Amino acid sequence: MYSPRVELALATALEAHGLSRRKAGRGFEVSHVTSVAMIAADHGCDEDTIVAALLHDTLEDTALEPDVIRSRFGALVLAMVQDVSEPPQPRPWRARKEAYIDQLRVTPRAGARAVASADKIHNLSKMTQGLRTQGRPFIRPFSAPLDQMVWYHRTVLATLQDAWSHAILEEHARQAAAFLAAAAEAESAAT
């Protein structure tokens with residue numbers, strides 16, 4: 001996975017995210033994007049896709065300007081990062097998620113789809129773990145209820161499967177199934 005471009009992408013992610021924490025303080029953003037890049041690399045993705053994976057949350061969650069990505073990594077990497085970036089926060093949660101899904105549906109870039117899938121693999125694995133260890137209280141810090149998260153993750157997976165075929169989708173489907181099972185268990189335990 002190492003190359004000078006990948007190292008520069010990691011440095012750029014560190015510059016942009018610093019020590020920012022993930023939702024509810026659960027881990028660091030940089031460890032998340034590094035995990036996403038490793039998942040992409042493990043599934044045979046090319047260097048541009050790995051670089052985009054390291055940068056995939058910078059436009060959405062930091063003040064990093066798109067021109068920095070373009071000048072350091074090129075137009076293709078910038079386009080992939082834009083493909084997997086949600087619109088700005090003033091929009092409601094569901095509207096942001098629908099816009100993201102629409103972007104995945106129409107992107108011509110397989111690398112963007114791979115980054116999206118790797119991102120969801122990591123997120124789903126963490127959410128499954130949290131639901132299994134903490135139950136429904138794990139969801140409280142999130143901005144959407146569990147049933148909406150279930151809708152979102154099912155829809156993202158179906159959208160990617162409809163538009164594209166890649167080995168990474170097998171792992172994505174496994175992680176989604178584990179999450180759906182954990183969500184169902186948490187729901188039934190709460191009633």
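## An aromatic cluster

Tyr-152 has a relative accessible area of 5%, so this residue counts as buried. Keep in mind that the model is predicted.

Tyr-152 and Trp-151 belong to one aromatic cluster, together with Trp-93 and Tyr-100.

## Ring pairs

How many aromatic pairs does a search of the whole structure find? There are five. In one of them, the ring centres of Phe-138 and Phe-142 are 5.6 Å apart and the planes meet at 50 degrees, so this pair is tilted. Phe-138 and Phe-142 are both buried.

The pair of Trp-151 and Tyr-152 is tilted too, because its planes are at 45 degrees, with 6.3 Å between the ring centres.

## Helix H10

Now for helix H10, which runs over residues 168-190 and has 23 residues. From first C-alpha to last, H10 reaches 33 Å, close to the 33 Å expected at 1.5 Å a residue.

Which residues of H10 are buried? Among them are Ile-168, Leu-169, Glu-171, His-172 and Phe-179, as well as Ala-182, Ala-183 and Ala-186. The cover over the buried residues of H10 includes helix H2 (29-42), helix H8 (110-134) and helix H9 (146-163).

Notes: Residues are numbered from 1 along each chain as its sequence is written. This is a predicted model: local features need pLDDT of at least 70, side-chain atom pairs count only at pLDDT 80 or more; totals for chains, interfaces and linings use all residues. Side-chain values use heavy atoms; hydrogens and water are left out. Helices (H or I, at least four residues) and strands (E, at least two) are DSSP runs, numbered from the N terminus. The expected span of a helix is 1.5 Å times one less than its number of residues. Buried means under 20% relative accessible area, exposed over 50%, partly exposed in between (1.4 Å probe, protein chains only). Contact means heavy atoms within 4.5 Å. Rings of Phe, Tyr and Trp (its six-membered ring) pair if their centres lie within 6.5 Å; planes under 30 degrees apart count as stacked, over 60 as edge-to-face and the rest as tilted.
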